[in-house]
Structures are given as structure tokens and as C-alpha cells.
Amino acid sequence: MSAPATRTPPKPKRRPLSPLVIFGLVVVLFIVLMALVSFFWTPFTPIYTDLKNRSVGPFTGGHWLGTDRTGRDIATRLMLGARTTLYVGIVAVGIAAIIGTPLGILAGMVRPGASEFIMRTNDILLAFPALLIALILAAKYGGSITTAMIAIGVASIPGFIRVIRSGTLQVMSTDYVKAARVAGRRGPAIAVRHVLPNVAGLVIVQASSAYAIAILAEAALSFLGLGAPPSVSSWGRMLYEGQSTMTTDPLVSVWPGVAIALAVLGFNLLGDGLRDRYDPRMAGSR
Amino acid sequence: MAWQLLRRCLIFLISTAVASFLIFWIIDSDCGPARSALGIGGTEESVQALCTQMGLKRPLIVQYWEWITHAATGDFGVSYISRRAIGPQIFDQLSVTLWLVLGAIVVALVVALPLGMASALRHGKVSGNILAAISQIGIAIPAFVAALLLVLVFAVRLRWLPANGYVVPASDPAEFLRHMILPWLSLGLVQGAVLARYVRSAVLDELGQDYLRTARAKGLTPLQALRRHGLRNASIPVLTVIGVQLVTVLVGAVIIERIFTIPGIGKGLADAAQGQDLLTVQGMVLTLVVAALMISFLVDVLYNVIDPRLRQGAGR
């Protein structure tokens with residue numbers, strides 16, 4: 001047995017997480033916690049309208065953040081909105097990751113000509129922002145959460161393909177893949193055994209960034225009245241409803257606005273931090 | 001150079017063809033226009049009858065060719081909901097949106113160039129970090145949240161500017177400006193924050209170059225050296241980002257125009273989507289996507305103009 005030092009190089013020390021990443025993590029965890037808690041407990045029932053305390057400010061009548069025009073508790077609706085936001089995000093990013101990852105690996109493994117073709121098609125799809133896809137689908141099938149999730153998911157696929165392809169190209173040029181080739185291993189086996197585990201980190205990084213975009217898109221669609229229906233609490237919808245009482249009770253629209261901005265900031269910072277950890281090549285290049 | 005240009009033109013044309021076919025296919029498949037023209041009250045038989053009457057049963061490629069050749073001349077058909085020609089409507093709205101987008105990009109540049117350059121030149125100092133943090137916060141705030149906050153402060157509280165509305169620039173330029181300031185800021189500030197980050201890293205890259213150190217050794221201040229030797233190179237990555245941002249702003253206009261009731265193509269599209277006016281949505285989405293593709297085409301051409309190194313790669 002040879003000395004282990006020559007076989008296994010010392011593991012590079014992991015840098016401690018930066019305060020910004022920890023902040024992002026805390027924000028994301030807080031939103032997830034709020035959404036989970038809302039399944040068991042909310043300060044008020046979501047449809048309860050406190051007619052004595054309509055459009056009141058924070059800490060009035062037991063309403064932590066006040067109420068809206070019809071007397072609904074804002075804190076309760078924000079918690080339920082977190083649920084909608086996370087749900088739409090998970091499904092949308094899931095769609096994008098499940099379709100985009102295999103296609104990205106494929107684009108990185110096929111001949112350069114075919115790869116070029118996939119990437120050109122990808123570029124065309126990149127010209128379709130989530131909002132436009134959602135508007136087309138909403139026009140045809142009517143606006144709903146399902147339309148929003150599909151639209152956001154489909155719009156996020158090209159981003160996954162692009163990132164996963166570049167990761168795959170790197171893996172394909174490594175010695176162990178060449179060795180596997182020489183040993184007679186076929187493409188699909190290489191993709192599953194070697195490429196997938198190595199690009200898994202990239203998938204997580206991309207998912208985090210895509211999540212931030214999905215939150216924005218969901219809020220925007222609900223704000224336009226093309227996402228969550230009135231019966232479902234959504235931050236974008238709250239913002240839309242708050243617009244009518246902007247002059248008399250501006251706080252109603254400030255809370256969901258802050259929630260959206262914080263959620264986007266949280267997922268972006270988390271994505272940046274994960275990128276530094278899993279993808280040193282791209283660290284700091286943004 | 002000529003070959004590069006031709007290649008880019010070809011990519012643009014193919015992209016437009018594919019994108020327009022996708023738009024057409026989503027809207028027109030399964031008798032879509034006939035279905036929404038009749039509304040929820042339409043029976044399946046009447047939908048099928050109207051579908052045949054409207055010529056939607058013909059091969060898709062034939063219908064597509066008819067639509068795209070008409071669209072190329074600005075004829076998008078007549079909306080079966082408002083009974084108005086869609087083409088002229090789009091052109092009117094597009095000119096309004098153009099003002100919005102251009103103003104927003106100007107705001108973004110005015111914010112990003114000084115902010116990004118200053119934070120690069122003061123890299124490693126406290127003030128540089130503060131400037132970088134400002135842009136980080138700006139990135140997290142979506143345009144429509146920024147818009148509501150701006151309305152809250154400047155229209156509701158301070159009453160300096162109108163909260164919404166639009167005035168045609170030709171009729172009253174001063175009022176036009178007053179009405180556009182908040183929309184411009186809502187779209188531009190956020191993009192400016194994003195752009196500042198790219199300007200910062202592009203300028204930092206340049207500051208580390210040998211030729212810039214030589215220029216400094218000759219006695220130029222960092223700013224002078226940058227202006228003479230660095231800015232042209234730094235402008236290349238920044239240009240890409242501006243291209244992407246133009247598209248983002250164009251799409252962001254959908255929401256901003258809704259908030260400020262500006263009669264542009266974005267508001268038109270949102271309204272049409274809500275009213276299930278399929279033909280109008282089709283025409284407007286096509287216009288926006290073609291505009292987006294055209295922007296990325298122009299950015300690519302501009303690369304070649306700015307960066308002489310790319311011009312030599314003709315044989316690639």
C-alpha cells in the first residue's frame with residue numbers, strides 16, 4: 001500500500017459561509033417556517049373579516065400587521081401567501097430541473113453540431129420571458145395558478161440547459177470519463193454514473209436562482225390578475241388589492257412588497273453562496 | 001465582418017421564424033380563436049362550425065404562412081372582441097412603450113455608470129463596499145414593488161408627481177415628463193442597480209490590466225487612465241448586459257404600464273390576455289418577441305463595431 005498522501009490530495013478547506021449567505025439562508029428558512037406553521041395555525045382564520053377593525057394599522061385589535069379594507073388580517077394572509085409562493089416555486093423549478101437537466105447533459109455529450117443545434121434552439125426559447133408565456137397561456141386557457149406554474153417552469157428550462165451543458169462539457173473532458181469510454185462504457189451509463197453526480201451541485205445552484213425568478217414571476221402574474229384567484233392568498237394579489245387603497249392605507253401594499261423583495265433577496269443570496277461552494281469557476285464572475 | 005453579419009442575420013431570421021411559429025401554434029391549435037370568440041356559452045358544435053368558417057381547420061403551416069405574411073406588413077387582423085384592427089393599435093401603443101423603455105434605460109445608465117465606476121475605483125475601501133451593497137439591495141426589489149413605493153412617497157405623501165396617467169409628448173412636453181418620471185424611475189433604478197454590478201466588475205478587470213498600470217506610471221490619475229485606455233474594453237461586457245436589460249424592461253413594461261395606466265403595448269397585452277382576446281395577444285406577443293430578438297441581433301452587431309479583435313475572426 002502506498003502512502004495515502006500521494007493518493008488522496010488533502011481536502012481543500014471549506015471557506016466559512018459569508019454573512020450575506022447566512023442572511024439569505026435565514027430569510028429562506030423563515031419563509032419556509034411561516035408557510036409550514038400556516039398549515040396548523042394562523043393568527044386569524046384567512047376569511048375572517050373583522051368589520052370593527054377595517055384598514056387599521058399594526059397592533060390594533062390583535063392584528064400584528066393591521067387589516068386590509070375588508071378587515072382581513074394581513075399577517076395571516078402573508079403567511080398563506082408564503083405557502084402559495086413556495087408551492088408555485090417548487091413546481092415551476094421542478095418542471096424546469098426535471099426537463100432541463102437531462103437536456104443539458106444531452107447537449108453536453110452529443111456531437112458539436114448537434115450540440116450547437118440544441119443551444120441555438122435554446123437561445124430562441126430564452127427570448128420568451130416567463131411573463132409572455134404566461135400571458136399567452138392565460139389568454140388561451142384562462143389565468144390560474146396552474147397556468148402560472150407551467151409558464152414559469154417552461155420559461156426556466158433554457159437557463160438549466162445552458163448551465164448544465166457547460167458543467168457537462170467540463171466533466172466530459174476529465175480523465176475518468178475518458179477512461180470510462182476506453183473501458184467501453186456507453187453514453188447513457190456515463191451520463192448517469194459520472195456526469196449526473198458531478199453536475200448535481202450546479203442543479204442546486206441553478207434551482208436557487210430560478211426560485212428567485214419564479215417568486216418574482218408569480219407575484220407579477222398574480223398582480224396582473226392572471227395567477228392566484230381571489231380565494232387564494234398570494235403576495236402579488238395582495239399588492240394588487242392594496243393598490244386601490246394606496247392613498248388611504250398604503251401599509252397594506254407595503255407588507256407584501258417587502259415580503260416579495262425579502263424572498264427574492266434571500267434566494268438570490270443563497271444562490272450566490274451555493275455557487276461559490278459548488279462552482280468555483282463561476283464564483284464572482286456575475 | 002461581412003460573413004459574421006450574414007451569419008447573425010440568418011440566426012435572427014430563423015429565430016424569428018421559429019418563435020413566431022410557436023406563438024401561432026399555441027394560440028391557434030384546437031380552434032382557440034373560435035372557442036374564445038364564442039365565450040363559455042358556445043356549444044362544441046358551434047365552435048366547430050365557426051372553426052371551419054374561420055379557416056382554422058386548414059393545415060397549420062398554410063394558416064401560419066397567411067398570418068406571418070400579413071403580420072410582416074403590419075396587418076394582424078381584426079379583434080373579434082373589440083372589432084378594431086389590431087395592427088394600428090399595436091403601432092400606437094408601441095410608440096408609447098418606446099418612450100418608457102428608452103427613458104428607463106437612460107435612468108439605468110445614469111445610475112449605473114457613476115455607481116459602478118465609483119465602487120470599482122474605491123474597491124477595498126468602506127465607501128466602495130457601501131456602493132456595492134446599495135446595488136445588491138436594488139437588485140432584490142422588483143420593478144412593480146419599486147413603482148408602488150415610489151408612488152407612495154412622491155405621489156401620495158409628497159404630492160410632487162402624478163400617481164398615474166399619460167400625456168402625449170407632442171401636446172404638452174412638460175406634463176409628459178412629469179407623468180413619466182415615476183415610471184422611468186421604477187423601471188430604471190432596479191436595472192441601474194443590476195447594471196452597476198457589471199460595470200463595477202468590468203472596470204475592476206480593466207484596472208488590473210498591465211497597460212493601465214503603464215498609463216498610471218506615466219502620471220495619469222486612475223480616472224484619466226481608465227478614460228483613455230480602459231473604457232472601450234470595459235464597455236463590451238456592459239453592452240451585453242444592456243441588451244439583456246432592454247428586453248427585461250420591455251417585458252417589465254407590461255406591469256409598469258398597468259400600474260401607471262400608460263396606454264402602451266404592455267398594458268394592451270395584459271388587458272387583452274385578461275379579456276381572452278387571442279388574436280390581439282398573438283400580435284402583441286409576436287411584436288415583443290421580435291423586438292427582443294432584434295435587440296440581441298443589434299447588440300451582436302455592435303460588438304463587432306466596438307471590438308476590433310472580433311472582426312478578424314472572419315473565417316471562424
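**Entry 1: helix α5 of chain A.** I checked the length of α5 (residues 130-141) of chain A: at 1.5 Å a residue its 12 residues should span 16 Å, and the end C-alpha atoms are 16 Å apart, so the two agree. I note here that the model is predicted.

Entry 2: Next I asked how many of the 12 residues of α5(A) are buried. The count is 11, so the helix is largely enclosed by the rest of the structure. I listed the buried residues: A130(A), L131(A), L132(A), I133(A), A134(A), L135(A), I136(A), L137(A), A138(A), A139(A) and K140(A). I then looked just past the helix, where G142(A) has a positive phi of about 90 degrees.

**Entry 3: a helix pair in chain B.** I turned to α5 (residues 86-121) and α8 (residues 173-207) of chain B. Their axes come within 5 Å and cross at roughly 35 degrees. I recorded the crossing of α5(B) and α8(B) as right-handed. Sorted by class, the residues of this contact are 24 nonpolar, 6 polar and 1 charged.

**Entry 4: chain B against chain A.** I looked up the contact between the chains: 35 residues of chain B meet 29 residues of chain A. Which helices of chain B each supply at least two residues of the side that touches chain A? I found α1 (2-28), α6 (126-140), α7 (143-157), α10 (222-259), α11 (265-274) and α12 (278-306).

How values were computed. Residues numbered from 1 in each chain as written. Chains lettered and ligands numbered in written order. Predicted model: local features only at pLDDT ≥ 70, side-chain atom pairs only at ≥ 80, totals over all residues. Contact = placed C-beta atoms within 7 Å. Helix = DSSP H or I, 4+ residues; strand = E, 2+ residues; numbered from the N terminus. Expected span 1.5 Å × (residues − 1). Buried ≥ 20, exposed ≤ 12 C-beta atoms within 10 Å, placed from the backbone. Axes fitted to C-alpha atoms, helices over the stretch in contact; angles between N-to-C directions. Left-handed = near helix turned anticlockwise from the far one by under 90°. Nonpolar A, V, L, I, M, F, W, Y, C, P; charged D, E, K, R; others polar.
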